[in-house]
Amino acid sequence: MVTQSGKPAPDTTRRSERSRRAIYDAALALVAEVGYPRTTIEGIAARAGVGKQTIYRWWGSKADVLLEAFLDLSHQASREAGEDFVIPDTGDLATDIKAVLRATVDQLTDPRFEAPSRALAAEGVVNEEVGRRFMTQLMEPSLQLYVDRLRAAQRAGQVRPEIDPRIALEFFISPLAQRWLQYTGPISYEYTDTLVDYALYGLAPR
């Protein structure tokens with residue numbers, strides 16, 4: 001498309017995508033630097049080099065901006081790694097869960113993720129709305145993958161049929177989340193592998 005002057009018209013789609021990307025980057029950087037309570041739409045706009053009306057045109061609140069920015073960051077990392085949001089089913093439940101938890105360790109210790117993740121998780125503890133949205137939009141889709149994989153293991157006879165997968169997955173997820181969030185110990189592949197072994201094989205002598 002050209003204008004009446006004969007010059008090419010600005011590519012508004014490309015410009016919008018540049019602005020959106022700048023807003024994502026600004027939001028994640030600010031929440032990591034100053035925390036969620038002190039992050040504002042005005043601050044995000046100033047850092048991104050856009051007007052705050054641009055942000056309000058696309059999002060209703062700073063929570064909307066931050067959650068979408070974090071989802072985008074997760075998707076970027078997945079694309080870079082050439083991975084899909086799935087838990088593999090090789091027929092060996094322990095191996096499959098260990099593999100995805102190792103990937104989680106990599107993400108939690110990646111500086112791009114760690115600071116904004118901590119900021120959002122910490123705010124979710126004291127801010128019910130943010131906590132519920134963090135859970136619904138960021139956590140629940142990932143947790144459902146564990147549920148699906150455990151149900152497949154039940155169908156294969158690898159997990160007792162009466163086990164509730166939604167409760168069972170907490171044996172893997174909750175200790176890792178607590179250790180990471182509260183700095184109660186280092187997180188590593190060895191740690192998450194051990195979590196899986198304890199969860200699947202129990203603590204009593206075999």
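How many helices and how many strands does the secondary structure of the chain come to? The count is ten helices and zero strands, and reading along the sequence gives the pattern α-α-α-α-α-α-α-α-α-α. Keep in mind that this is a predicted model. Of the 206 residues in the chain, 36% are buried. Take the contacts between residues at least 6 apart in sequence: 62% of them join residues at least 24 apart.

**The N-terminal part**

UniProt has something to say here: an unreviewed entry lists residues 40-59 as "DNA-binding region". In the model that span is 75% helix and 0% strand, and its end C-alpha atoms sit 13 Å apart.

Thr-39 belongs to the loop between helix H1 (12-34) and helix H2 (41-48). Is Thr-39 buried or exposed? With a relative accessible area of 1%, Thr-39 is buried, because buried means under 20%. Setting aside residues up to four places away in sequence, Thr-39 touches Leu-30, Val-31 and Val-34, and also Ile-44 and Lys-62.

**H6 and Ser-117**

Moving on to helix H6 (residues 111-126), that's where you'll find Ser-117. Ser-117 is another buried residue, at a relative accessible area of 8%. What does the side chain of Ser-117 reach? Look for the backbone oxygen of Phe-113, at 2.6 Å. Apart from neighbours within four places in sequence, Ser-117 is in contact with Phe-70 and Trp-180. Going back ten residues along the chain brings you to Gln-107, whose C-alpha atom is 9.9 Å from that of Ser-117.

**H7, with a bend in it**

Helix H7 spans residues 128-155. Start at its N-terminal end, which is capped by Asn-127. A side-chain oxygen of Asn-127 lies 3.2 Å from the backbone nitrogen of Glu-129.

Where does H7 kink? Go to Met-139, shortly before the proline Pro-141, and you'll see a kink of about 50 degrees. The buried residues of H7 include Val-130, Gly-131, Phe-134 and Leu-138. Among the others on that buried list are Leu-143, Tyr-146, Val-147 and Leu-150, and Arg-149 and Gln-154 are on it too. Just after H7 comes Gly-157, with a positive phi of about 80 degrees.

**H9 against H10**

Next up is a helix pair: H9 (residues 170-182) and H10 (residues 189-201). Their axes are 9 Å apart and the packing angle is about 145 degrees. H9 passes H10 in a right-handed crossing.

Which residues meet between the two? From H9 come Phe-171, Phe-172, Pro-175, Leu-176 and Arg-179. On the H10 side they meet Tyr-191, Thr-192, Leu-195, Val-196, Ala-199 and Leu-200.

Thr-192, in helix H10, deserves a look of its own. Thr-192 counts as buried, at 0% relative accessibility. Not counting residues up to four places away in sequence, Thr-192 touches Leu-101, Arg-102 and Val-105, along with Leu-176.

Tyr-198 is also in helix H10, but this one is exposed, because its relative accessible area of 51% is over 50%.

Ala-177 and Ala-121 are 56 residues apart in sequence, yet their C-alpha atoms are 9.9 Å apart in space.

In the loop between H9 and H10 you'll find Tyr-183. Though not a glycine, Tyr-183 has a positive phi of about 55 degrees. Tyr-183 is exposed, with a relative accessible area of 60%.

**Accessibility in one place**

Here are the individual residues again.

| Residue | Relative accessible area | Class |
|---|---|---|
| Thr-192 | 0% | buried |
| Thr-39 | 1% | buried |
| Ser-117 | 8% | buried |
| Tyr-198 | 51% | exposed |
| Tyr-183 | 60% | exposed |

Conventions
Residues numbered from 1 in each chain as written. Predicted model: local features only at pLDDT ≥ 70, side-chain atom pairs only at ≥ 80, totals over all residues. Heavy atoms only, no water. UniProt positions renumbered as here; feature names shortened; annotations may be inferred. Helix = DSSP H or I, 4+ residues; strand = E, 2+ residues; numbered from the N terminus. Bend = angle between axes of the 7 residues up to and from the residue. Buried < 20%, exposed > 50% of the residue type's maximum accessible area, 1.4 Å probe, protein only. Polar contact = N/O pair within 3.5 Å; in protein donor to acceptor, adjacent residues only side chain to side chain. Axes fitted to C-alpha atoms, helices over the stretch in contact; angles between N-to-C directions. Left-handed = near helix turned anticlockwise from the far one by under 90°. Contact = heavy atoms within 4.5 Å.
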